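I opened this notebook to record the backbone geometry and the ligand site. The entries follow the order in which I looked things up.

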Amino acid sequence: MSTSNSFGTVYLVGAGPGDPQLITVRGKELLRTADVIVYDRLAHPALLQHTRKDAEKVYVGKASANHAMRQPDINALIVARAQEGKSVVRLKGGDPFVFGRGGEEAEVCHEAGVPFEIVPGVTSAIAAPAYAGIPVTHRDAASSFAIVTGHERDDSRESGTRAPGVAEQRRDWSKLAHAADTLIFLMGVEALPEITARLQEHGRSPETPVALVQWGTWTRQRVVTGTLETIAERVREANLKPPAVCIVGDVVKLRESLKWFDDPNTRPLFGKRIVVTRAREQASALSDLLRSRGAEPLEFPVIRIAPLEDTTPIDAILRILDTFDWVILTSANAVPILAARLRALGLDSRAFAKTKIATIGPATAEALQQQLSLRADFVPTEAVAEAILEQFPDADIAGKRILIPRASEAREILPDKLAEKGAMVFVVPIYETLFDGEAVEELRTQLHEGEIDAITFTSSSTVRNFVQAITEGSDLPASTLIGTTKLVAIGPITADTAQEFGLTLATVASEHTIPGLVSALEATFQTESTHV
Ligand code: SAH
């Protein structure tokens, strides 16, 4: 039997209200290292991207009660895994101790002698109003707020069915109605007619402003406003369902001037889900810009770069690098692999002393500078193989020895044309691009269900990789799999590649930069909405 010394720790981690950037630094760090992650439907799926590839991920809350894991089973699971010596993150929507039954889970750990820690989170009770432009206090409108459970059945779906607790049964409406200037109800959608009736019965004015914020801080956030008298009917008409936070009080009026997150004037891509096709390391600039314009960027890690296991060919070449006139790097992906092989062989950047280096574009040149402290001798004005050939600085390359370390599957145009001109070309595959089957499947499902508004292409290779990835293991052509989702390209070369694959673009950016691409996207959606 193990002793408590060998038990793993259970971390009750607040996932934040939805927006995946609202998790705490501590929470994200724990997600990265945990052996086991137990999560439910209020935790944004993008958070799982931070987890280890081999971590066990257990989903315990489907929208339908039959599929939800019951609370006693969740308790048993987290304790059992910790007793096996594993570190367990119990990821809970919002803050773990605000109606999240985190207290109960901590008690179970305590009783089992399992060490636990609490990582507080940003609660939806405050964040959902904030993302709707409603401050829960304001010097002119409210000096206190109370967070109350509306106790609807939906609550049970997050973590197994249950009866109301003792504290909930004791709820006293005459006190509650005046508990604070701002009343915030969680789990209050189904009971809304009762809540609004009771508050009026106990002296809150029928004119009191009320807002419901559904899926607050998510890109699918929806807000319905009214008064204690009108809100129940408006919510019914809008067919607004849980999860939603209900805010009662004068602060709700501030939304008129403080609305921001779901304001199409300042954030024109609000609510749009847009696929970013670059490899994750390169995706962040585009993702950040999309986010700041209101969109939800979906970084699909469909492609993974894997160094080839057999390093004999590249190792042999690196040892005699000084016999080569040129090295041509056709992707930034090659740089870290070359750096790693040099290190493994006990060599360093001086191996390149007698050899000139060409990179296909500025990003590869930058990687070279960063990782090997080497400056590229030649970077063509456009990042395509054709441009390297046209602009190559050596007028006569006949007899020159040229090394091209690259992916095992790649276009042949560069080596072929160089060889035609009489160069001695050595192509050495050093890595392969692999598909993450699960991510591809997920992408295909979302496309099929119309959940994706647009796909962005920032280079010809993103088109090629994307098409290759989504058609992998499917008989359907890419255009069918993509359906009516809008496709946007950064420029004409990328657009040509897309057309070669039979894809129809919604638009091509007129300025061939990341901001240009985002402007083009906005323009497409704008024309769309003015036509409706
Ligand atoms: N611990 C969570 C609350 C769990 S109870 C927290 O601190 O946020 C579940 C209820 O929280 C839901 O029924 C809903 O009322 C509310 N809720 C959670 N996330 C929400 C969101 N993103 N938008 C609106 N309401 C949310």
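**Entry 1: Trp 215.** I placed Trp 215 in the loop between β8 (209-214) and β9 (222-227). Helices (H or I, at least four residues) and strands (E, at least two) are DSSP runs, numbered from the N terminus. The phi of Trp 215 is near 45°, a positive value in a residue other than glycine.

**Entry 2: basis of the values.** I note that this is a predicted model, in which local features need pLDDT of at least 70 and side-chain atom pairs count only at pLDDT 80 or more, while totals for chains, interfaces and linings use all residues. Residues are numbered from 1 along each chain as its sequence is written, and side-chain values use heavy atoms, with hydrogens and water left out.

**Entry 3: further backbone geometry.** I recorded a positive phi, near 55°, for Ser 373, again a residue other than glycine. Ser 373 lies in the loop between α14 (362-372) and α15 (385-391). Ser 373 is exposed, because its relative accessible area is 59%. I then found a cis peptide bond between Pro 242 and Pro 243, with omega about 0°. Pro 243 sits in the loop between α9 (231-237) and β10. I logged these cases because most residues other than glycine have a negative phi, and most peptide bonds are trans.

**Entry 4: the ligand shell.** How many residues surround the ligand? I count 20, and the closest are Val 98, Thr 123, Ser 124, Met 187 and Gly 216; a residue is near a molecule if one of its heavy atoms lies within 4 Å of it. Both α5 (154-159) and β10 (244-248) supply at least two residues of this shell. Domain 1 (10-122) and domain 2 (126-258) both give residues to the shell, so the ligand lies between them; the bounds come from an automatic or database domain assignment.

**Entry 5: polar pairs and cover.** I looked up polar contacts, pairs of N or O atoms within 3.5 Å. A backbone N or O atom of Asp 95 is 2.8 Å from a nitrogen atom of the ligand. The side chain of Thr 123 places an N or O atom 2.7 Å from an oxygen atom of the ligand. A backbone N or O atom of Ala 244 lies 2.8 Å from a ligand oxygen atom. The protein covers 98% of the 540 Å² of accessible area that the ligand has on its own, by the Shrake-Rupley method with a 1.4 Å probe.

Note on methods
A polar contact is a pair of N or O atoms within 3.5 Å; within protein, one must be able to donate a hydrogen and the other to accept it, and residues adjacent in sequence count only if both atoms are side-chain atoms. Buried means under 20% relative accessible area, exposed over 50%, partly exposed in between (1.4 Å probe, protein chains only).
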